[in-house]
Amino acid sequence: MDTIQGKHFSITDPQGVNTVIYRINQTEKEYLANSPKYTLERLPISEEIRGELKKKTFFVDEPNDEEHLVILSFGKDRVVVNMGILEENRVKISKKPVPIKFDTLYSEKESEYKEFRYTPNLKRPISIIDPETTEEVKPILYFDEETNEVKGKCKLKPYKSYFAFEIREENQDV
């Protein structure tokens with residue numbers, strides 16, 4: 001079994017709520033010219049059932065002094081979005097907003113969500129989540145010979161809603 005070296009913290013989800021957390025990574029300077037400024041990384045998790053509640057422990061591998069987090073709590077017919085900062089083994093809910101763009105995707109036809117670029121180490125700036133299962137929709141990767149970049153597209157099923165979000169630079173339209 002793999003072990004994770006780093007920090008961890010726990011939350012408890014009430015019945016009918018499923019929380020997932022993403023770490024916001026800033027792209028290394030040497031890759032910034034042809035890559036998104038920020039990428040997302042879903043935190044690994046372990047779950048423990050306690051009666052009708054679920055205790056979830058999230059792990060941050062190789063943490064920085066201060067980690068910025070996107071906390072998504074999926075409930076029946078809604079998603080609550082919070083920003084947090086991990087310091088030591090505590091999460092503080094952020095009062096300073098981080099530019100995040102999110103949308104609900106729905107189509108009556110099978111479709112592909114827009115192309116998005118990857119960093120050279122294959123990290124991406126956008127995540128599409130099935131709100132029923134809270135699992136990510138895995139993109140299909142391909143190499144764009146025109147731009148010399150790795151890109152991805154996600155296939156979306158018809159008659160199904162998805163939650164998509166992306167971290168943006170502050171000076172861009174959100």
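Here are some questions and answers about this predicted model.

Q: What makes up the protein chain, helices or strands?
A: Strands. The protein chain has 14 of them and 0 helices. Read along the sequence, the pattern is β-β-β-β-β-β-β-β-β-β-β-β-β-β.

Q: How do you know that β7 and β8 pair?
A: Two strands count as paired if there are at least two bridges between them. Strand β7 (residues 78–87) and strand β8 (residues 90–93) have 4 bridges, in the antiparallel sense, so by that cut-off they pair. One place to look is Gly84, whose bridge partner in β8 is Ile93.

Q: What sits between those two strands in the hairpin?
A: The hairpin of β7 and β8 has 2 residues between the strands. Glu88 takes a positive phi there, near 55°.

Q: How do you know that β6 pairs with β7?
A: Again, at least two bridges are needed. Strand β6 (residues 67–75) is joined to β7 by 9 bridges, and the two run antiparallel, so the pair passes. Take Phe74 as an example: its bridge partner in β7 is Val79.

Q: Which strands form the open sheet, and in what order?
A: There are 5 strands, in the order β3-β2-β6-β7-β8, with antiparallel pairing.

Q: What makes β3 and β8 the edge strands?
A: Each of them pairs on one side only. Strand β3 covers 38–42.

Q: Why is Lys7 said to have no salt bridge?
A: A salt bridge needs a side-chain nitrogen of Lys or Arg within 4 Å of a carboxyl oxygen of Asp or Glu. For Lys7, the nearest side chain of opposite charge is Asp65, and that is 6.0 Å away.

Q: How much of the protein chain counts as buried?
A: Buried means under 20% relative accessible area, and 37% of the 174 residues count as buried. The accessible surface comes to about 11200 Å², with 46% belonging to carbon and sulfur atoms.

Q: What share of contacts join residues at least 24 apart?
A: Among contacts between residues at least 6 apart in sequence, the share is 64%.

How values were computed:
Residues numbered from 1 in each chain as written. Predicted model: local features only at pLDDT ≥ 70, side-chain atom pairs only at ≥ 80, totals over all residues. Heavy atoms only, no water. Buried < 20%, exposed > 50% of the residue type's maximum accessible area, 1.4 Å probe, protein only. Lys, Arg positive; Asp, Glu negative; His and termini not counted. Contact = heavy atoms within 4.5 Å. Areas by Shrake-Rupley, 256 points an atom, 1.4 Å probe, with all protein chains shown as cover.
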